[in-house]
Amino acid sequence: PLPPSLILSAIRNREEADRASWRKTMDKLPTLDLGLPVSGGRKPPRPAAPPGALAAASAGSRQPSVETLDSPTGSHVEWCKQLIAATISSQISGPLPTENLSRDYRVYRRPDLRELQDEQHNGYLSESGIDQALRDGNKLAQMEEAPLFPGEAIKAIVKDVMYICPFMGAVSGTLTVTDFKMYFKNVERDPPFILDVPLGVISRVEKIGVQSHGDNSAGIEIVCKDMRNLRLAYRQEEQSKLEIFETLTRYAFPLSHGLPLFAFSYKEKFPVNGWKVYDPIAEYKRQGLPNESWKITKINSTYEFCDTYPAIFVIPTSVKDDDLSKVAAFRAKGRIPVLSWIHPESQATITRCSQPLVGPNDKRCKEDEKYLQTIMDANAQSHKLIIFDARQNSVADTNKAKGGGYESESAYPNAELIFLEIHNIHVMRESLRKLKEIVYPTLDEARWLSNVDGTHWLEYIRMLLAGAVRIADKIESSKTSVVVHCSDGWDRTAQLTSLAMLMLDSYYRTIKGFEDLIEKEWISFGHRFAVRVGHGDDNHADADRSPIFLQFIDCVWQMTKQFPAAFEFNELFLITILDHLYSCLFGTFLYNSEQQRIKEEVHTKTVSLWSYINSQVDEFTNPFYVNYENHVLYPVASVSHLELWVNYYVRWNPRMRPQMPIHQNLKDLLAIRNELRKKVEELQREAATRSISSSERGSSPSHSATPVHTAV
């Protein structure tokens, strides 16, 4: 046996050696007695899915987590079972009472040398006891380490941080801050408690005063863009050494601190190149373009004609470049009417643009009037053009007084102007703020429906769907071409055109087609993602931020609920897109325009979200999908037929999660469907073989086998 002083000295020496190795590799990390060894040369295991993917917990997969972003919809099954077993209220302010936990819930504690000493005679430990204590310490350190993506680097590690969970009370653990995420882990619970938050979802970080939790007397409140707020508490002396607040702020808002977005550091390799998903020439060719009425132009190849439009777009064949320049001068931001979609039979078209610069004096532009007449003439089925102005009439009048405006029916005699009365970006931002207030952290069950109604969120979703249905109906039923615009043509316009195209064209309801739709109508045509989302920017009060793209995805989800077999993709697909709208892991949604992405070399220096998704398509496939080719979908745009997307907006509340993860059920169904398809193919081959054999034996035609045509 060895004396305790020698034992403690051996442990301290081991820890010091590990820390020295770690600091040598990660020399930029703050120095602190962390109390756990970190192997700097270790290559972390790749998570089962990037944060934001709804990875279902399954055997052999990533260990179960609690408040982790990579499995938001019903994937925290184990935690749900524990919470349900303990009948925990959503307003618990203290830690979970251990006596109420299920028998499956085990608490693991760190090895305590003093307890080990008490168990031995005369206060001595055997050599095997020392080895076991050291092994337990190393195992614990490995369990606490954050898994890293290729290119991700640790910036700070802090022990004994307390996460103040609104559902479970205070949880103590280790906080790791990297240049991509904030990773909090408590390994003493089974399964471990994990909080995995991409820094890109953080809207603001604030220092707060907290009630004392032992020695913890300082705190941080983290307000997120994905419908949750997080609170951390820690010792004041730890703050002075590590500067936790400054580290979080620096890497949550890299652009405000002169740093690049993490997407430029992410080095994951995927078997599929997502940047090749969208080819504008191929997409227009799929639509039958160019034709005698419409041509593909490269007038904007250097982005000098319109810096927020793509290099390639489609315009009427007969329009001359000189006239085109005059039309651009008459439209806000130079965003002229360009083709988004053409009906394969009637040739009725959806064109998009910005508002005309009519002004208070009712200015006119003969080239613009002729341009819209040309669009109408390209459709021989109708002698009318419908102009859908997404704005409220009163707002359009206000814009007119400021130099903008709308088309007067006197200047455009064959056009009909319809205002869709959709509210502006500021109203939508306020609506989402109200929605967040009622869904996190607690729900008022007694007033749930009235509270949701008070946010007006579903009413605004209804207005978008109703406007898109009107556009689709004019194209399909009336065979009339339409022009869609709002003020600048990159917010409500994109919402309406893409939703109408989704209703009209079954191709966009496939995984590949939906990716094309987003790339075309949103990314290439200049929706200002950087401004609306605020990637890497600490100005959380920026009035230009607004959930425009979120509303579009919500509308798509509403359509999938009304037509559950019409879409090839599932709910996980939509939530994954939204999570990476904020995460800054991929380059897909970065910057405001195609020109900026070319300048920043996004396609060569970052990874596309579609690379990740298309490398594991089965994860995002709807097992009930039926290709309704040439079927137009008209969703019921009534609040009575709409519902709040609980699996997205309320996913952080454990009481709102299903016990069985929906995504896992869909994966199981998909596997069953694939098995059935294989059996059908085997039967078809067997039937064909028998038919050939009987023919070779000279059997009569009456005995020949009939080909099997079966679809599952």
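**Briefing: pocket, cavities and backbone features**

By class, the lining of the largest pocket comprises 13 nonpolar, six polar and 11 charged residues. The structure is a predicted model, and the protein in it contains 23 helices and 15 strands. Of its 712 residues, 55% are buried, and among contacts with a separation of 6 or more, 71% are between residues 24 or more positions apart. The protein exposes about 30900 Å², of which carbon and sulfur atoms supply 50%.

**Largest pocket**

- The space in the largest pocket comes to about 720 Å³, and 30 residues line it, with Ser203, Cys224, Lys225, Arg429 and Leu432 lying nearest its centre.
- Helix H11 gives the most to this lining, with seven residues.
- At least two lining residues each are supplied by strand S6 (202-208), strand S7 (216-224), H11, helix H16 (529-534), helix H17 (548-562) and helix H18 (571-583).

**Enclosed cavities**

- Rolling a probe the size of a water molecule over the atoms shows where empty space is left.
- The largest cavity is lined by Asp179, Phe180, Leu199, Gly200, Tyr251, Ala252, Pro254, Leu261, Phe262, Gly536, Ser583 and Cys584.
- By class, the lining of the largest cavity divides into eight nonpolar residues, three polar residues and one charged residue.

**Helix H12 and its surroundings**

- In helix H12 (residues 448-455), the buried residues are Trp448, Val452 and Thr455.
- Viewed down the axis of H12, these buried residues fall within an arc of 55°, and so they line one face of the helix.
- On the other side of H12, Leu449 and Asp453 are exposed, whereas the buried residues of H12 pack against helix H11 (425-439) and helix H13 (457-476).
- H12 is followed by His456, which has a positive phi near 65°, and this residue is found in the loop between H12 and H13.
- With a relative accessible area of 40%, His456 is partly exposed.

**Backbone geometry in loops**

- Most residues other than glycine have a negative phi, and most peptide bonds are trans.
- Like His456, which has a positive phi of about 65° although it is not a glycine, Met227 is a residue other than glycine with a positive phi, in this case near 75°.
- Met227 is placed in the loop between S7 and strand S8 (229-235), and its relative accessibility of 2% is under the 20% limit, so Met227 counts as buried.
- A cis peptide bond, with omega about 5°, joins Asp190 and Pro191, and Pro191 lies in the loop between strand S4 (181-186) and strand S5 (193-198).
- The peptide bond from Tyr440 to Pro441 is also cis, with omega near 5°, and Pro441 has its place in the loop between H11 and H12.

**Asp160 and Asn186**

- Asp160 is found in strand S2 (residues 154-165), where a relative accessibility of 31% means that Asp160 counts as partly exposed.
- Although Asp160 and Asn186 are 26 residues apart along the chain, their C-alpha atoms are separated by 9.5 Å.

Technical notes:
Residues numbered from 1 in each chain as written. Predicted model: local features only at pLDDT ≥ 70, side-chain atom pairs only at ≥ 80, totals over all residues. Heavy atoms only, no water. 1 Å grid on protein atoms, 1.4 Å probe; cavity = no way out; pocket = protein on both sides within 12 Å on 5 of 7 lines; lining within 4 Å. Nonpolar A, V, L, I, M, F, W, Y, C, P; charged D, E, K, R; others polar. Buried < 20%, exposed > 50% of the residue type's maximum accessible area, 1.4 Å probe, protein only. Helix = DSSP H or I, 4+ residues; strand = E, 2+ residues; numbered from the N terminus. Arc of directions from axis to C-beta. Contact = heavy atoms within 4.5 Å. Areas by Shrake-Rupley, 256 points an atom, 1.4 Å probe, with all protein chains shown as cover. Points joined across faces, edges and corners; volume = space filled by probe spheres on them.
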